[in-house]
Amino acid sequence: MKLLVLGATGNTGQFLVRQALEQGHVVKAVVRTTSKLTIQHENLTVVKANIFSADSLVEHFNEQDVIMSCLGFPISLFSEVTGYTESIKAIVLAMREAKVTRIIAMASWYTKRESVLDYMHIYNGSCQCKLVRM
Ligand SMILES: NC(=O)c1ccc[n+]([C@@H]2O[C@H](COP(=O)([O-])OP(=O)(O)OC[C@H]3O[C@@H](n4cnc5c(N)ncnc54)[C@H](OP(=O)(O)O)[C@@H]3O)[C@@H](O)[C@H]2O)c1
């Protein structure tokens, strides 16, 4: 399959890119700093784009089978973490325009100030699960 990976330079993203290539997939990694991704493979293309701009993403989304996001944004105790919300708006818009219908995304809890408390509860041993339908 043709996989487009966002957050490919991160801890999880690099594992994903390696495993996808090992399994014979064709991978396009969309990153903000191309030099950070040191993996080299004939089936890997690394491109630079802005994850908060559908216009920037759409040309790379064309003809992809699935978008896979390993994007991650640092926790903040003092303000909301808006990266997930803002990037997914651009990603979904670009997917619609490019007619890509599949997405697999990792995310975190702490997108709102009060969800930092949920995050802390997880580390205190209590865990909750939520299903989000897009
Ligand atoms: N690792 C864990 O144990 C764990 C546990 C639970 C949940 N998660 C969630 O799983 C996801 C991946 O985790 P991870 O540990 O692999 O994350 P990570 O190592 O911090 O990687 C984050 C990725 O997001 C990219 N990114 C962040 N801000 C960006 C921006 N403004 N523009 C473009 N790219 C941006 C980073 O690019 P740069 O390299 O350019 O910074 C990097 O590729 C996250 O959502 C995380 O919260 C992880």
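Modeller: Start with the word helix: a helix is a DSSP run of H or I with at least four residues, numbered from the N terminus. Helix α1 spans residues 11-22. Helix α1 gives the most to the shell around the ligand, with three residues. Keep in mind that this is a predicted model.

Colleague: Which residues come nearest to the ligand?

Modeller: There are 18 residues around the ligand, and T9, G10, T12, G72 and S108 come nearest.

Colleague: How many residues of that shell are nonpolar, polar and charged?

Modeller: Six are nonpolar, ten are polar and two are charged.

Colleague: What pattern does the chain follow along the sequence?

Modeller: The pattern is β-α-β-β-α-β-α-β-α. That gives four helices and five strands.

Colleague: What makes β3 and β5 edge strands?

Modeller: Look at the order in the sheet. This open sheet of five strands runs β3-β2-β1-β4-β5, with parallel pairing. β3 and β5 (103-105) each have a single partner strand, so one side of each is left without a neighbour in the sheet. From one strand to the next, the twist averages 20°.

Colleague: How do you know that β1 and β2 pair?

Modeller: Count the bridges. Two strands pair if DSSP finds at least two bridges between them. β1 and β2 have five bridges, in the parallel sense. So β1 and β2 count as a pair. Within this pair, L6 stands opposite V30 in β2. Helix α2 packs on the sheet and touches β1, β2, β3 and β4. The direction of α2 makes about 165° with that of β2.

Colleague: Which residues of α2 are buried?

Modeller: Helix α2 covers residues 54-61, and its buried residues are L57, H60 and F61. They cover an arc of only 100° around the axis, which puts them on the same side of α2. On the other side, D55 and E59 are exposed.

Colleague: What covers the buried residues of α2?

Modeller: The cover includes strands β1 (2-6), β2 (26-31), β3 (44-48) and β4 (66-69). Helix α3 (83-98) is also part of the cover.

Colleague: Why is E63 called exposed?

Modeller: Set the count against the cut-off. E63 has 11, so E63 is exposed. E63 lies in the loop between α2 and β4. Its phi is positive, about 70°, although E63 is not a glycine.

Colleague: And what about K99: why does K99 count as exposed?

Modeller: The cut-off is again 12 or fewer. K99 has 10 C-beta neighbours inside 10 Å, so K99 counts as exposed. K99 sits in the loop between α3 and β5. Phi of K99 is near 60°, a positive value in a residue other than glycine.

Colleague: What share of the chain counts as buried?

Modeller: The chain has 134 residues, and 25% of them count as buried. Being buried takes 20 or more other C-beta atoms within 10 Å.

Colleague: How many of the chain's contacts join residues at least 24 apart?

Modeller: Take the contacts between residues at least 6 apart in sequence. Of those, 61% join residues at least 24 apart. Two residues are in contact if their C-beta atoms lie within 7 Å.

Definitions and conventions:
Residues are numbered from 1 along each chain as its sequence is written. This is a predicted model: local features need pLDDT of at least 70, side-chain atom pairs count only at pLDDT 80 or more; totals for chains, interfaces and linings use all residues. Helices (H or I, at least four residues) and strands (E, at least two) are DSSP runs, numbered from the N terminus. The arc is that of the directions from the helix axis to the C-beta atoms. Axes are lines fitted to C-alpha atoms, for helices over the stretch in contact, and angles run from 0 to 180 degrees between N-to-C directions. A residue is near a molecule or strand if its C-beta atom, placed from the backbone, lies within 6 Å of it. Ala, Val, Leu, Ile, Met, Phe, Trp, Tyr, Cys and Pro count as nonpolar, Asp, Glu, Lys and Arg as charged, and the others, Gly among them, as polar.
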